[in-house]
Amino acid sequence: MKKEDLRIIFMGTPEFAVGTLQALVEGGYNVVCAVTQPDKPVGRHQDTLQPSQVKVYAEEHGIPVLQPIKMKDEEFVKQLESYQADLQVVVAFRMLPEVVWAMPRFGTFNVHAALLPQYRGAAPINWAIINGETRTGVTTFFLDHDIDTGRIILQHEMAIGEEDNVEIVYDGLMKLGAAAAIETIDRIIERDGEVESIPQEQLLTNGEQLHGAPKLFKENCQINWNESSKKVHDFIRGLSPIPGAWTNFGDDGQTIKIYDSRTTGLTTDLPAGSFFKHDGRLMVSAGGEMLELKSVQLSGKKRMSAKDFLNGRKL
C-alpha cells in the first residue's frame with residue numbers, strides 16, 4: 001500500500017497536535033477527516049466562538065472537520081464510518097470509546113508527550129519538569145480500554161535542560177511527536193498493519209516508581225516555599241508560561257505569578273516565602289535558600305522583569 005492510499009482520520013485540538021497534522025499533510029499522507037473539540041466560547045460575555053488550532057489548520061487545507069460533543073453520539077459515529085478510514089491518529093485529544101478507536105482496520109494510535117508508562121495523563125510535559133526529570137520523549141501506542149495504557153509501538157527520547165521550561169520542551173516534543181507519528185505510519189504501511197508493539201509493563205524495571213501526569217488546576221499550581229530552592233525552581237519552570245506558578249504577595253492577599261527563576265546556592269534565615277532584595281536582585285526564601293526571581297506578574301498587571309518589579313518598591 002502507498003501512503004496516498006492509506007485513509008487517515010486525525011484527532012486532536014491544540015497547537016501540539018497541529019505539528020503532527022502538518023507533517024502528515026506536507027508529507028503527502030491521505031488525511032480524509034479531522035476530528036476536534038467544539039468551538040470554545042471566549043470573551044467577556046462568552047459570546048464569541050473560537051475554533052481549535054487543529055480546525056483552523058484543517059480548514060485551511062481543505063480537510064473536512066467533525067466536532068462532536070459526545071464521542072458515542074450515533075450520528076457522529078455514522079459520519080466517522082462514512083470516511084472508511086484505515087487508521088486513526090490521535091494527538092492531545094480526549095478519551096475515545098471503543099466504538100471509535102476500534103473502527104479502523106489498522107486500529108488507532110496515540111502520540112503521547114512522555115516516555116510511557118511514565119507520566120500517563122493530561123499534563124505529561126509539566127509534570128516531567130516539575131519532578132526534575134533530565135529526559136523525556138514521545139511514545140506512540142495503540143489505544144485500548146484504559147487511558148494511556150496501550151501497547152507501545154515506538155519511543156524517541158529528548159533531554160530536558162536544567163533551565164528548560166514548558167515552552168521549550170513543548171516545542172521540542174511537538175517536532176519529535178510529528179516525526180514519531182510519521183515513522184509509526186510508515187511501519188504500519190510497510191507491514192500492512194502487522195506492526196510490532198509491546199505491553200507497557202515490559203518497560204518497567206523492578207521497583208520503579210510510576211509518576212502520573214494529572215490535569216493542572218489553580219490549586220496545585222501554588223508554590224510551597226518550604227521546599228528546597230531547586231524543587232521550587234523546577235516547579236516554576238514546569239508551569240511556565242502556562243498556567244503559571246503562583247503565590248500570595250503582600251498583606252492584602254494579592255497573588256503573583258512567577259515565570260522565571262534561578263537557584264543561587266546562597267542561604268538565608270528569612271521565613272519561607274519572604275520576598276527581599278539582595279545585591280540588586282529580587283529574591284525569595286525557599287527552604288532556607290535564596291531563589292532569584294527573574295520574571296513575575298502581579299494580579300491585574302502585565303508580566304514584567306524583576307528589575308521593573310523592584311522599581312519603586314521597598315522590600
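In this predicted model, strands β8 (135–142) and β9 (152–159) each supply at least two residues of the lining of the second largest pocket. That pocket has a volume of about 270 Å³. Its lining comprises 14 residues, and those nearest the centre are L115, L116, Q118, R135 and E208. By residue class, the lining of this second largest pocket divides into six nonpolar, four polar and four charged residues.

Strand β8 also holds T136. The relative accessible area of T136 is 5%, and because buried means under 20%, T136 counts as buried. Leaving aside residues up to four places away in sequence, T136 touches A113, A114, L115, H156, E157, M158, I160, V169 and L173. One of these contacts, L115, is also among the residues that lie nearest the centre of the second largest pocket.

Attention may now turn to the largest pocket. About 1,700 Å³ of space lies within the largest pocket. Its lining consists of 46 residues, with P14, F16, A92, F93 and A122 lying nearest the centre. The lining of the largest pocket contains 26 nonpolar, 10 polar and 10 charged residues.

Terms used:
Residues numbered from 1 in each chain as written. Predicted model: local features only at pLDDT ≥ 70, side-chain atom pairs only at ≥ 80, totals over all residues. Heavy atoms only, no water. 1 Å grid on protein atoms, 1.4 Å probe; cavity = no way out; pocket = protein on both sides within 12 Å on 5 of 7 lines; lining within 4 Å. Points joined across faces, edges and corners; volume = space filled by probe spheres on them. Nonpolar A, V, L, I, M, F, W, Y, C, P; charged D, E, K, R; others polar. Helix = DSSP H or I, 4+ residues; strand = E, 2+ residues; numbered from the N terminus. Buried < 20%, exposed > 50% of the residue type's maximum accessible area, 1.4 Å probe, protein only. Contact = heavy atoms within 4.5 Å.
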